[in-house]
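Here are my notes on the model you sent.

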Amino acid sequence: MKITDDILYVGVNDHNIDLFEGQYVVPQGMAYNSYLVKDEKTLVFDTVDRNFGEEWFANIKAQIGDGPVDYLVVQHMEPDHSANIAAFAERYPSATIVSSAQAFVMMKNFFGTDYADRRIVVKEGDTLSTGRHVFAFVSAPMVHWPEVTVTFDTTDKVLFSADGFGKFGANDVEDPEGWDCEARRYYIGIVGKYGPQVQALLKKASSLDIRTICPLHGPVLSTPEEISHVVKQYDIWSSYAVETPGVLIAYTSVYGHTKEAALKLKEMLLKKGCPKVAVADLARDDQPEAVEDAFRYGKLVLATTTYNMNIFPWMRHFIDHLTERCFQNRTVGFIENGSWMPQAAKIMRKMLENSKNLKFCENVVTIKSALNAESEAKLEALADELVK
Ligand code: FEO
């Protein structure tokens, strides 16, 4: 696939993966993108996952035959992109490896060598010419590892954005939900903790005239509308702003009574005009999807049971996912259920006490086993407070 006349796609699609990064289900597979620049000098951006080395080499060979590759630019050392560096270095012995100082330290750790005799160490502001193209390197620490470099082709105005602007899903299947949904789940899950660093990168990017974005996952973004849309989405996500007005009700339920309360609250909220109510069963639904929704909507209701003097494990797990991703700027309500000593609301609130700028709803719903008139009235009061 051609990106421009002399920038070609040589990446691969993975439909065998069970869990991306060991934890994310990817029903539409995953793409590990790689790009070949056929200039006076030949350059490749990033390798691919370990299971796809031969396919990747074949893609390169299909473009340049037995010709040499002069440079391999390593933008990110996470193994979904770096696994084939050693194999590449062996197959293309005259190639120079171009990367950040920290990435070469990681190469030593992964492969036992830092390619000291055949490397160029680049930092922010350095450039590399392949003839027609001049590539400028931009440091992007923690987007999503510390060694990350993104690269701007100053000639054709292409941003090679590493994990930035990537999404779940292989490139050979049409995502029926478009870019946003799986890009959001990817961003919040994987990069969500690093909002300030993404903001810093967006600030640097705002001074560039970007006409194409080539990420390491997901589709190439090449129209002005696509580019301005994804930059806008990244700005919302990385500043922890509310993307969509609405409420996520995230619940766990052992015997169905807490679920009943969660669904009743949904019904009440919709009746009262809440624009959108999403509901997640944290034991059965995809947790990263629920985490994504918690960051998407402005309000969150957590409903769970007291369990072993704590809260139900899936809720604890969920709140940990929120706090480790710097969950902030939201309104949070609580529903607790406990047959003899309910204390889940207090525990959940404590788990969130160090999160920035959270507003806790005054109406806490306590259910003692099953909803009754009193707890339903409290639920109604919570619904009123949420739509106010
Ligand atoms: Fe796609 Fe952070 O690796």
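1. Start with Tyr35. Its bridge partner in S6 is Phe45. This is a predicted model, so please read every value below as computed. Strand S5 (residues 35–38) pairs with S6 in the antiparallel sense, over four bridges. Three residues lie between S5 and S6, and the two strands form a hairpin.

2. Now the other pairing of S6. Strand S7 (residues 71–73) and S6 run in the parallel sense and share three bridges. Within S7, Tyr71 is the bridge partner of Leu43.

3. Are the residues of S6 buried or exposed? In a regular strand the side chains alternate between the two faces of the sheet. For S6 (residues 42–45), both faces are covered. Thr42 and Val44 are buried on one side, and Leu43 and Phe45 are buried on the other.

4. The order is S10-S11-S12-S13-S14, and the pairing is mixed. Strand S10 (127–129) and S14 are the edge strands; each has a single partner strand, so one side of each lacks a neighbour in the sheet. On average, neighbouring strands of this sheet are turned by 20 degrees against each other, direction ignored.

5. Inside that sheet, check S11 against S12. Strand S11 (residues 134–139) and strand S12 (residues 149–153) are paired in the antiparallel sense over five bridges. Opposite Ser139 stands Thr149 in S12.

6. H7 covers residues 224–238, 15 residues in total. From first C-alpha to last it reaches 21 Å, close to the 21 Å expected at 1.5 Å a residue. Its buried residues include Ile227, Val230, Tyr234 and Trp237. Which elements cover the buried residues of H7? Among them are helix H5 (180–191), helix H6 (195–205) and strand S14 (212–214). Just after H7, Tyr240 takes a positive phi of about 60 degrees.

7. On to charged pairs. The structure holds 19 salt bridges. One of them joins the side chains of Glu182 and Arg185, at 2.7 Å from N to O. Both residues lie in helix H5, three residues apart, about one turn of the helix. Glu182 counts as buried because its relative accessibility is 6%, under the 20% cut-off. Arg185 is buried too, with a relative accessible area of 2%.

8. Lys272 and Glu380 form another salt bridge, with the closest N and O atoms 2.7 Å apart. This pair links distant parts of the chain, 108 residues apart. Lys272 sits in the loop between helix H8 (257–271) and strand S16 (277–281), while Glu380 belongs to helix H12 (residues 373–387). Lys272 is partly exposed at 29% relative accessible area. Glu380 is partly exposed as well, at 33%.

9. What is the distance between the closest N and O atoms of Lys350 and Glu353? It is 3.1 Å, and the two residues form a salt bridge. Lys350 is exposed, with a relative accessible area of 56%. Glu353 has 48% relative accessibility and counts as partly exposed. Elsewhere, salt bridges with shared partners join Asp6, Arg132 and Asp156 into one network.

Notes
Residues are numbered from 1 along each chain as its sequence is written. This is a predicted model: local features need pLDDT of at least 70, side-chain atom pairs count only at pLDDT 80 or more; totals for chains, interfaces and linings use all residues. Side-chain values use heavy atoms; hydrogens and water are left out. The expected span of a helix is 1.5 Å times one less than its number of residues. Buried means under 20% relative accessible area, exposed over 50%, partly exposed in between (1.4 Å probe, protein chains only). Contact means heavy atoms within 4.5 Å. Two strands pair if DSSP finds at least two bridges between them. Axes are lines fitted to C-alpha atoms, for helices over the stretch in contact, and angles run from 0 to 180 degrees between N-to-C directions. A salt bridge is a side-chain nitrogen of Lys or Arg within 4 Å of a carboxyl oxygen of Asp or Glu.
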